[in-house]
Amino acid sequence: MPTLPPMFSLFTYIALIVGVNFAFSVTPLIQLPNGDMWAPLSLIVGFIFVVRDYAQRRVGHHVLWGMLVGCVVSWFMASPQLALASAAAFAVGELGDWAVYTFTRRPFSQRILISSLVGAPLDSIVFLGMIGIATPWSVITMSLSKLAGSLLVFWLVRRREQRECGLEHIQA
């Protein structure tokens, strides 16, 4: 059974799912110059993919329970259409992210990047499709917004891995 510090990462992940779903229900979409709609909260979702990676690193596959709890709690905090679209998008996107993270035996930074490259577009396609505003441009815009957060964390983790690798070579 995971201890409190690993459970904290899982509870953080759950809180972020619920928080972003609630925020999506109260934050208006922004119309882009071409008429498509963009959800500015997409920028935050990329970080949630990464928080899931960290939580899975700490609690293993128990992270799937956290995903389920986050979706169930979100159901009670948003409109039924938004809650269903969000739950479906998180399920598809996060499961894609989870599968890549789980089965790819690469350094942590690379798993963050690769899993986000898979999860963000899946999440965007499902979410936008279910709320009826999916166009190629809106899917690309939302996916890139989500990837922005993931890329920032990838870069930071990659730098830390490189520093640690450099220190190991010096100490050896």
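User: How do α3 and α4 run relative to each other, roughly parallel or roughly antiparallel?
Analyst: This is a predicted model. In it, α3 and α4 are roughly antiparallel. Helix α3 covers residues 63–75. It packs on α4 at an angle of about 170°, and over 145 counts as roughly antiparallel.

User: How far apart are their axes?
Analyst: The axes of α3 and α4 are 9 Å apart.

User: Which residues meet there?
Analyst: From α3, it's V63, L64, M67, C71, S74 and W75. From α4, it's P80, A83, L84, A87, F90, A91, E94, L95 and W98.

User: And by class?
Analyst: The α3 contact with α4 has 13 nonpolar residues, one polar and one charged.

User: Now α2 and α4. At what angle do they cross?
Analyst: Roughly 50°. Helix α2 spans residues 42–59, α4 spans residues 80–103, and their axes come within 10 Å. That angle makes α2 oblique to α4.

User: Left-handed or right-handed?
Analyst: The α2 and α4 crossing is right-handed.

User: Who makes that contact?
Analyst: On the α2 side, I48, F49, R52, D53, Q56 and R57. On the α4 side, F90, G93, E94, D97, W98, Y101 and T102.

User: Switching topic. How many helices and strands are there?
Analyst: The protein chain has six helices and two strands.

User: In what order?
Analyst: Starting at the N terminus, the elements run α-β-β-α-α-α-α-α.

User: What about overall dimensions?
Analyst: The C-alpha trace spans about 60 × 40 × 25 Å along its principal axes. The radius of gyration is 17 Å. A compact globule of 172 residues would have one near 16 Å, so the chain agrees with that.

User: Last thing, confidence. What's the average pLDDT?
Analyst: The chain averages 84, and 94% of the residues score at least 70.

User: Where is confidence lowest, and where highest?
Analyst: Lowest in strand β2, residues 37–38, at a mean of 80. Highest in helix α5, residues 108–130, at 90.

Key:
Residues are numbered from 1 along each chain as its sequence is written. This is a predicted model: local features need pLDDT of at least 70, side-chain atom pairs count only at pLDDT 80 or more; totals for chains, interfaces and linings use all residues. Side-chain values use heavy atoms; hydrogens and water are left out. Axes are lines fitted to C-alpha atoms, for helices over the stretch in contact, and angles run from 0 to 180 degrees between N-to-C directions. Helices (H or I, at least four residues) and strands (E, at least two) are DSSP runs, numbered from the N terminus. Angles under 35 degrees count as roughly parallel, over 145 as roughly antiparallel, 65 to 115 as roughly perpendicular and the rest as oblique. A crossing is left-handed if the near helix is turned anticlockwise from the far one by less than a right angle, and right-handed if clockwise. Contact means heavy atoms within 4.5 Å. pLDDT is the predictor's confidence in each residue, from 0 to 100. The radius of gyration is taken over C-alpha atoms; the globule rule is 2.2 Å times the number of residues to the power 0.38. Ala, Val, Leu, Ile, Met, Phe, Trp, Tyr, Cys and Pro count as nonpolar, Asp, Glu, Lys and Arg as charged, and the others, Gly among them, as polar.
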